[in-house]
Amino acid sequence: MGLARGLQTVTVATGWESADGSRVDLDLAAYLLAPDHTVVERVYFAKLSSDAGNGAVVASGDNVSGDGDGDDESISVDLHALALDGSTHSVVFVLTSFSGHAFADIDEAYVRLLAGAINDDEAADDPEELARMTLRGHA
């Protein structure tokens with residue numbers, strides 16, 4: 001997929017619900033890779049901002065239950081700042097189940113790619129959703 005020219009920021013977001021009331025904890029991480037594919041750094045619940053690009057990659061934090069509506073965790077990437085830094089060639093996003101649940105056993109789990117950053121200001125427009133992958137539970 002080609003990204004729009006002039007796109008400054010992208011966000012990967014995930015959300016989920018627990019159908020049976022058990023604690024479901026999914027974790028989203030971004031791995032910043034050098035041109036030789038070695039890991040430059042990782043941004044995740046224990047390191048919420050990258051050193052690369054002076055904080056160009058920012059995680060929202062750790063939601064350990066999936067409670068609430070909408071996105072439960074997100075990571076935004078300032079593409080321009082990351083490119084100027086020069087240490088990162090690629091960004092790989094990884095979703096893991098910290099609680100050990102199989103994705104097929106989690107209700108309403110999804111990952112989506114957004115053009116822009118998620119803004120907490122309710123008056124602001126939501127960023128455009130570029131792609132969405134729904135992880136289906138048992139039928």
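In which sense do β7 and β8 pair, parallel or antiparallel, and over how many bridges?

A: The structure is a predicted model, in which local features require pLDDT of at least 70 and side-chain atom pairs count only at pLDDT 80 or more, while totals for chains, interfaces and linings use all residues. Residues are numbered from 1 along each chain as its sequence is written, and side-chain values use heavy atoms, leaving out hydrogens and water.

β7 and β8 pair in the antiparallel sense, over 7 bridges. Strands here are DSSP runs (E, at least two residues) and helices likewise (H or I, at least four), numbered from the N terminus; two strands pair if DSSP finds at least two bridges between them. Within this pair, A109 lies opposite L135 of β8.

The two strands belong to an open sheet of 5 strands, ordered β4-β5-β1-β7-β8 with antiparallel pairing. Its edges are β4 and β8 (128–135), each of which pairs on one side only. Neighbouring strands are turned by 15° against each other on average, direction ignored; the axes are lines fitted to C-alpha atoms, for helices over the stretch in contact, and angles run from 0 to 180 degrees between N-to-C directions.

Side chains of opposite charge can pair when their charged atoms come close. R132 and E129 meet in a salt bridge at 3.1 Å, N to O; the term denotes a side-chain nitrogen of Lys or Arg within 4 Å of a carboxyl oxygen of Asp or Glu. R132 is partly exposed at a relative accessible area of 45%, and E129 is partly exposed at 34% (buried means under 20%, exposed over 50%, partly exposed in between, with a 1.4 Å probe and protein chains only). Through shared partners, salt bridges join D71, R112, E129 and R132 into one network. The structure holds 6 salt bridges.
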